Amino acid sequence: MLEGRSVAGIITSLGNNKKLLKPKKLLEKQNLKDTEGKSSLKEASDEELLQIRKKIIKDRRKENSVLIAIAIVVTSVFAYFAIGIIHQNNIDSKNLQENAQALQFKKQERQFLLQIDKGDQWFEKGKWSNSIFYYKKAKEIFPKNYDINYRLVRSYSFECQSEFQNCREAKKLLDKLFLMFPDKEKELLEIEGMLEYEY
């Protein structure tokens with residue numbers, strides 16, 4: 001009984017081993033030389049070699065075209081993102097500049113209003129030279145502002161009226177204000193009347 005099984009196993013193993021062996025035809029194809037030692041391969045004609053060369057060149061061109069197309073796509077994608085990043089950086093930089101300018105303007109505006117406030121306090125007390133001092137400091141911050149120029153010429157005119165000082169400065173500034181602010185002529189004419197009376 002044991003012998004029957006081992007014989008069957010041996011037969012199965014032999015069958016499996018036979019299947020693993022290469023077929024005879026395949027072995028014959030792999031053996032490129034015949035029995036006399038000559039190559040069994042057929043030599044290609046010049047025309048066939050030319051066709052093979054053309055096919056290889058065509059395949060290379062096709063591969064190169066594909067590689068170039070891939071390179072263009074990849075470069076385009078990178079360029080798109082790079083331009084986007086640069087654009088965003090420019091926007092951020094511009095926003096930072098605008099914010100810095102806005103902060104600087106607010107700082108100047110606070111200082112300007114503080115100087116005007118101090119000048120107004122001295123003006124109310126009738127201390128013209130003190131009010132002129134602070135109005136001049138405010139004018140340094142915003143030289144073309146009508147309100148500060150008006151306050152300054154008004155202080156000059158009162159000082160001219162009461163102490164006979166700064167009359168020429170008042171007249172000079174008033175002439176400039178007529179040119180700079182023609183729409184404020186009515187207010188400026190009142191001050192001119194005070195100066196002409198004293199000057």
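A disulfide is a pair of cysteine sulfur atoms within 2.5 Å, and the structure above holds one of them. We will come back to it after a look at the whole chain. This is a predicted model, in which local features need pLDDT of at least 70 and side-chain atom pairs count only at pLDDT 80 or more, while totals for chains, interfaces and linings use all residues. Residues are numbered from 1 along each chain as its sequence is written, and side-chain values use heavy atoms, leaving out hydrogens and water.

Let's begin with the overall plan. The protein has seven helices and zero strands; here helices (H or I, at least four residues) and strands (E, at least two) are DSSP runs, numbered from the N terminus. Of the 199 residues, 17% are buried, where buried means under 20% relative accessible area, with exposed over 50% and partly exposed in between (1.4 Å probe, protein chains only).

Now find helix H3, which runs over residues 46–124. Its 79 residues should span 117 Å at 1.5 Å a residue, and because its end C-alpha atoms lie 114 Å apart, the two values agree. The expected span is 1.5 Å times one less than the number of residues. Which residues of H3 are buried? They are Phe-112, Gln-115, Ile-116, Gly-119, Asp-120 and Phe-123. An α-helix has 3.6 residues a turn, so residues three or four places apart point the same way. The cover over the buried residues of H3 includes helix H4 (128–141) and helix H5 (146–163). Just after H3, Gly-126 takes a positive phi of about 80°.

Next, look into helix H5, where you will find Glu-159. Leaving aside residues up to four places away in sequence, Glu-159 touches Trp-128, Ser-129, Ile-132, Phe-164, Gln-165 and Asn-166, a contact being heavy atoms within 4.5 Å.

Finally, back to the disulfide. Cys-160 is joined to Cys-167, with an S to S distance of 1.9 Å. The torsion about their S-S bond is about 100°, so the disulfide is right-handed. Are its two ends buried or exposed? Cys-160 counts as buried because its relative accessibility is 0%, and Cys-167 is buried with a relative accessible area of 12%.
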